[in-house]
Amino acid sequence: MLEKDLMSLPESAGIYQYFNQEGKLLYVGKAKNLKKRVKSYFSFNPLRANAKNSLRIQKMISEAAHLKFISTKTEANALILENSLIKQLHPKYNILLRDDKTYPYIYVDLSEKFPRFELTRKIIKKPKIKYYGPFFRGAKELLNALYLYYPLKQKKNCKKLCIFHQISRCGGVCENLISEENYKEILANATKALLNPSILIKNLEQAMLKYAHNENYEEAAKIRDEINAIKALETKVQIDLARLEDFEIFALAIKNGICSTLRFIIQEGKIISTHSKIHILKEKEIYTNEIYKQVLLENFSQDTPLVSNRIYTYEDFEDRELLEELLSERFAKKIRIQVPQKGEKRKICDLAFENALLNIEIHLKNNDLSLMEELKHYFELENLPHCIEIYDNSHLQGVAKVGAMVCFKNGKWEKQHYRKFHLQEASDYEQMKEVLIRRTKDFESFAPPDLWLIDGGKALLDLACSIIASSGANVDVLAIAKEKIDSKAHRSKGSARDKIHSKRGEFLLKTEDKKLQFLQKLRDEAHRFALSFHKNTKKKQDLKSSKLLNLGISEGYLQKLLAFYGDFESIYKANYEELKMLTNAKIAQKIKDTQ
């Protein structure tokens with residue numbers, strides 16, 4: 001079958017996909033000439049993997065049974081499609097860098113009479129916009145500090161003098177009490193502080209000490225937190241360039257199967273923001289070209305503001321010129337991706353690489369990957385489970401049906417990736433099916449994990465496996481079924497012998513086994529999150545259907561009573577004097593009349 005597929009390849013640009021005997025996607029690649037590129041993977045007569053390929057690719061070819069291709073007009077289009085499919089389907093032998101988060105920029109609209117700084121995560125379609133960033137942390141705190149110490153226009157829609165003018169934090173732009181020239185000078189000073197946050201830190205420290213001296217410790221603590229957030233913006237090694245230049249630096253380091261990527265944002269000759277990311281690789285192999293491609297495409301998407309058209313990388317990579325062409329077309333501006341050989345740029349690239357390498361050492365010191373490797377080996381998983389999504393559903397006799405997903409990644413809970421689902425289906429099986437199908441539809445914008453852990457038995461395991469198979473994504477699946485005692489779920493911490501189900505069979509581990517305890521911990525967090533969401537949903541549903549609301553008692557009072565009593569049944573049973581104390585005599589009497 002594979003030989004037949006090879007015969008049908010065109011001599012055009014496009015992407016190719018290798019599948020195994022079961023139809024599971026193994027690898028996605030792009031090519032300028034599909035026929036030449038794909039044939040380079042093989043030696044012929046007999047057909048076998050080309051020994052010149054890496055061990056990873058040779059292993060992939062040994063599993064391949066079928067090949068598909070999609071022809072595109074240009075190699076640049078193929079690159080975009082390749083990146084999209086890798087992110088969406090997580091093929092077994094491709095790299096997937098997990099950093100889908102978009103970061104804020106601070107921008108100023110210089111076409112306005114009195115410009116002001118604001119936050120954005122996307123391009124603002126207006127003329128004369130100047131962007132600063134992206135800021136990977138501390139953007140909000142930085143913006144607050146700018147408005148605290150520079151008398152800028154404080155409100156977007158300012159129409160009359162307000163409290164900010166009275167406390168000297170605004171020059172009164174709404175009534176032209178300040179000239180455009182003077183305002184421009186204030187804006188220029190604020191911009192200098194934006195590019196050099198240490199100016200702001202001195203002022204914040206003075207304010208913090210003043211609040212502390214006046215025993216206003218709450219405000220002092222808020223400013224302390226702002227100071228720490230702004231300090232985190234500054235790189236440990238300060239570099240001031242001779243010229244006021246704007247550019248970006250990207251570097252990556254790989255060691256012991258761990259990849260560290262690092263990005264420096266340089267504006268007006270200063271490093272204003274840095275971002276580092278750790279990625280666990282599937283094999284201890286060098287993937288420089290694939291990683292640079294993904295990192296640059298993710299960081300310069302179509303919705304991203306372009307701060308500079310000059311990008312420098314620590315080292316060269318195969319598709320550098322192709323990416324230059326693609327990004328230039330995307331932003332309708334000539335983009336340069338270069339590898340500096342000497343001078344200031346080379347020094348900063350070397351600094352970025354050294355920091356990327358240091359981040360790997362720190363990660364290895366702080367994270368024990370042995371448990372993840374043990375899980376992979378013991379349950380015969382295809383992926384090292386450094387990113388795990390855990391699912392549970394909750395309802396009360398078919399009322400307030402909800403689903404929940406929690407995410408555990410790189411040794412910690414990723415609460416920004418938690419998800420809630422309002423459900424329509426009646427049975428537990430159909431509810432889980434609804435949740436998982438909705439999640440797979442989101443794989444393109446929110447990359448799949450390495451492992452799904454389902455709260456349930458073999459039936460739900462089989463369901464999850466079939467949904468993953470139909471999505472084409474490469475995700476392992478485990479299910480954890482609660483131990484039953486007298487037909488009831490047993491949740492006793494430290495002693496429950498829950499069953500683990502996988503495609504390889506059923507596992508009954510000892511209660512002291514770290515693998516079981518870890519999976520129980522994951523399941524319990526999903527259960528907690530689902531139950532909390534269920535309770536809140538039921539409260540809202542009860543509130544809407546409450547006869548007390550129909551009696552004219554406001555939603556605010558009902559929320560207060562629910563917070564105190566816990567449910568409507570307890571409210572109806574409460575005594576008059578207690579109700580009167582919590583609300584007023586009129587409301588207390590209305591509730592009393594329902595008893």
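Here is a friendly walk through this predicted model, from the whole chain down to a few single residues.

1. **Ground rules.** Because the model is predicted, local features need pLDDT of at least 70 and side-chain atom pairs count only at pLDDT 80 or more, while totals for chains, interfaces and linings use all residues. Residues are numbered from 1 along each chain as its sequence is written, and side-chain values use heavy atoms, with hydrogens and water left out.

2. **The whole chain.** The chain has 21 helices and 23 strands; these are DSSP runs numbered from the N terminus, with helices (H or I) of at least four residues and strands (E) of at least two. Its C-alpha trace spans about 95 × 80 × 45 Å along the principal axes. Of the 595 residues, 50% are buried (buried means under 20% relative accessible area, exposed over 50%, partly exposed in between, with a 1.4 Å probe and protein chains only). Among contacts (heavy atoms within 4.5 Å) with a separation of 6 or more, 62% are between residues 24 or more positions apart.

3. Strand S1 (residues 14–19) is joined to S2 by six bridges, and Gln17 has Val28 in S2 as its bridge partner.

4. **Lys92.** Lys92 counts as buried because its relative accessibility is 19%. Its side chain is joined to that of Glu63 by a polar contact of 3.2 Å. A polar contact is a pair of N or O atoms within 3.5 Å; within protein, one must be able to donate a hydrogen and the other to accept it, and residues adjacent in sequence count only if both atoms are side-chain atoms. Leaving aside neighbours within four places in sequence, the contacts of Lys92 include Leu25, Leu26, Lys282, Glu382 and Asn474.

5. **Two crossing helices.** Helix H5 (residues 139–149) and helix H8 (residues 198–213) have axes that come within 10 Å and cross at roughly 75 degrees. The two helices are therefore roughly perpendicular to each other (angles of 65 to 115 degrees count that way, under 35 as roughly parallel, over 145 as roughly antiparallel and the rest as oblique). The contact is made by Leu142, Ala145, Leu146, Leu148 and Tyr149 of H5 with Leu200, Asn203, Leu204 and Ala207 of H8. These residues divide into eight nonpolar, one polar and no charged; Ala, Val, Leu, Ile, Met, Phe, Trp, Tyr, Cys and Pro count as nonpolar, Asp, Glu, Lys and Arg as charged, and the others, Gly among them, as polar.

6. **Strand S10 and its partners.** Strand S10 (residues 258–267) is largely enclosed by the rest of the structure, because ten of its ten residues are buried. Ile258, Ser260, Leu262, Phe264 and Ile266 point one way from S10, and Cys259, Thr261, Arg263, Ile265 and Gln267 the other way. Nine bridges tie S10 to the antiparallel strand S9 (residues 247–255), with Leu252 opposite Thr261. Ten bridges tie S10 to strand S11 (residues 270–280), also antiparallel, with Ser260 opposite Ile278. Both hairpins have two residues between their strands; Asn256 has a positive phi of about 55 degrees in the turn from S9 to S10, and Glu268 one near 50 degrees in the hairpin of S10 and S11.

7. **Thr313.** Thr313 belongs to strand S12 and counts as buried at 0% relative accessibility. Thr313 and Arg263 are 50 residues apart in sequence and 9.4 Å apart in space, C-alpha to C-alpha. A polar atom of the Thr313 side chain lies 2.9 Å from the backbone oxygen of Glu315.

How values were computed: Pairing = 2+ DSSP bridges. Axes fitted to C-alpha atoms, helices over the stretch in contact; angles between N-to-C directions.
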